[in-house]
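Please read it alongside the sequence and the structure shown here.

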Amino acid sequence: MTQDRLVTPSYCFILSANFLLYFGFYLLMPVLPFYLTEVFRTGNATAGIVLSCYTVAALTVRPFSGYLLDTFARKPLYLFAFFIFTAIFAGYLLAGSLTLFIILRVLHGVAFGTVTVSGNTIVIDITPSSRRGTAVGYYGLSNNIAMSIGPMVGLFLHDFYSFTTIFLCALGSCSLGFVMATLVKTPPKQPVKREPVSLDRFILLKGIRAGFALLLLSIPYGMTTTYVAMYARQLGITGGSGLFFTLMAVGMAVSRIFSGRQVDKGRIPQVISLGMYLACVCFFALSACAFLAQWDDRVSTGVYFGVALLLGVGFGTMFPAFNTLFVNLAPNSQRGTATSTYLTSWDVGIGIGLVAGGYIGQISTFDTAYLFGACLTVVSIVYFRLRVAPHFEKNKLR
């Protein structure tokens, strides 16, 4: 039996655009806490609040972008958001005060929230439904490749070059990504009956349970992507902290290849559960690194980098499955809403993780923050097994 064709020029272009967008995004992610503390002299808690403005803005706009994507042509909105996201990197070069920086971060979050929902929805539009899990998996893989390179390059540039150079590199990456995005050809949007504006046009109501489980998982993830380099300093790991992101991305890349195929076979709850269990163990181990460092630095360092690889495997396993779970709960006319609900749930947790991680790191230590995050993953696992999985099996449309 011949499989539907997955690889097309448009699919390759949107993978490239997504990689370049996320490369610019991840280039800055581990550097911005240092930028705020070194340039604007903020504390960890203040830095967490400032950085969370980006996420709050993204999650606020996601439901509206999902509605717009389900109502109007998707590519123009995608390109407009991509352009704004790219242009704001130039604005960072002119931000001479913390207030202006916060305003730019909010605008950046709005653009990011829109462009990511648009990109995910367009991927679903241009790929056959029988290959959706694999398509989403490889699309996410482009994020992971960017994640494997971006933070490492950003931390390297921070050690040897100015913040201006880092912002210019991010601007150049996203500019090239915008060119790739313009080359994507999307199918004509089929006319749909305009339903009265209601809550379910902005939020996929059937996906709220799954969204809560995902939110709990994204809180410790947000702590990790933002503060893990600072945690490395607490552990005495003075060099090679960028390797954490590389190993994490490698784990995601490998797991996405296989998990997407399992999702296409209908094993969505099983795939998510497997990733949850692995992530839970990893966060407890990451928290334990501080205790291990007092006993043996080499063991602590080994566990720290081992967690990076296995944490990537855990989340790389879950991402395509969670994305497909939301899409399978929605009719085709609400793909944008389903995608925005999925990403909104993720962003809410990331925002909480930024604030909570910075606050706990300031009043206590980062290992305490990761212990808190690990406990949240336990709650997420129990809730998913008891409420989310049965609900999905009962209400899935495909």
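## Salt bridges

K396 is partly exposed, with a relative accessible area of 34%. In this predicted model, the side chain of K396 forms a salt bridge with that of E393, at 3.0 Å from N to O. E393 is also in the intermediate class: its relative accessible area is 39%, so E393 counts as partly exposed. The pair is one of 3 salt bridges counted in the model. Side chains of opposite charge can pair when their charged atoms come close.

Another salt bridge joins the side chains of R74 and D125, with an N to O distance of 2.5 Å. R74 belongs to helix α4 (residues 74-92) and D125 to helix α5 (residues 98-126), so this pair ties together parts that are 51 residues apart in sequence. R74 is buried, because its relative accessibility is 12% and the limit for burial is under 20%. The side chains of D296 and R298 meet in a salt bridge as well, at 3.7 Å from N to O. R298 is exposed, at a relative accessible area of 70%.

## Overall fold

The chain has 13 helices and 0 strands. Its radius of gyration is 20 Å, close to the 21 Å that the globule rule gives for 398 residues, so the chain is as compact as a globular protein of that length. The C-alpha trace spans about 60 × 45 × 40 Å along its principal axes.

Of the 398 residues in the chain, 60% are buried. Among contacts with a separation of 6 or more, 89% are between residues 24 or more positions apart. The accessible surface of the chain comes to about 15,800 Å², and carbon and sulfur atoms account for 68% of that area.

## Helix α2

Which residues of helix α2 are buried? In this helix, which covers residues 32-39, they are L32, P33, F34, Y35 and L36. After α2 comes R41, which has a positive phi, near 60 degrees.

## Nonpolar surface patch

V250, V254, F258, L309 and L310 make up a nonpolar patch on the surface, and together they have about 420 Å² of accessible area. Helices α9 (242-264) and α11 (297-328) each supply at least two residues of the patch. Which helix gives the most to it? That helix is α9, with 3 residues. An α-helix has 3.6 residues a turn, so residues three or four places apart point the same way.

F258 lies in helix α9. F258 is exposed, because its relative accessible area is 51% and the exposed class begins over 50%. The C-alpha atom of F258 is 9.6 Å from that of G316, and the two residues are 58 residues apart along the chain.

L309 and L310 are both placed in helix α11. L309 is partly exposed, with a relative accessible area of 34%, and L310 is also partly exposed, at 41% relative accessibility. Leaving aside residues up to four places away in sequence, L309 touches L247, M248, V250 and G251. One of these, V250, is also a member of the patch.

## Cysteines

How many disulfides does the model contain? The count comes to 0. A disulfide is a covalent bond between the sulfur atoms of two cysteines. The cut-off applied here is a pair of cysteine sulfur atoms within 2.5 Å.

For C169, the closest cysteine sulfur is in C174, at 11 Å, which is too far for a bond. C169 is partly exposed, at 35% relative accessibility. For C375, the closest cysteine sulfur is in C280, at 8.4 Å, also too far for a bond. C375 counts as partly exposed, with 38% relative accessibility.

Definitions and conventions: Residues are numbered from 1 along each chain as its sequence is written. This is a predicted model: local features need pLDDT of at least 70, side-chain atom pairs count only at pLDDT 80 or more; totals for chains, interfaces and linings use all residues. Side-chain values use heavy atoms; hydrogens and water are left out. Buried means under 20% relative accessible area, exposed over 50%, partly exposed in between (1.4 Å probe, protein chains only). Patches are made of residues with over 30% relative accessible area and no salt bridge: like charges are joined within 9 Å, nonpolar side chains (Val, Leu, Ile, Met, Phe, Trp, Tyr) within 5 Å. Accessible areas come from the Shrake-Rupley method with a 1.4 Å probe; for residues, only the protein chains shown count as cover. A salt bridge is a side-chain nitrogen of Lys or Arg within 4 Å of a carboxyl oxygen of Asp or Glu. Helices (H or I, at least four residues) and strands (E, at least two) are DSSP runs, numbered from the N terminus. The radius of gyration is taken over C-alpha atoms; the globule rule is 2.2 Å times the number of residues to the power 0.38. Contact means heavy atoms within 4.5 Å.
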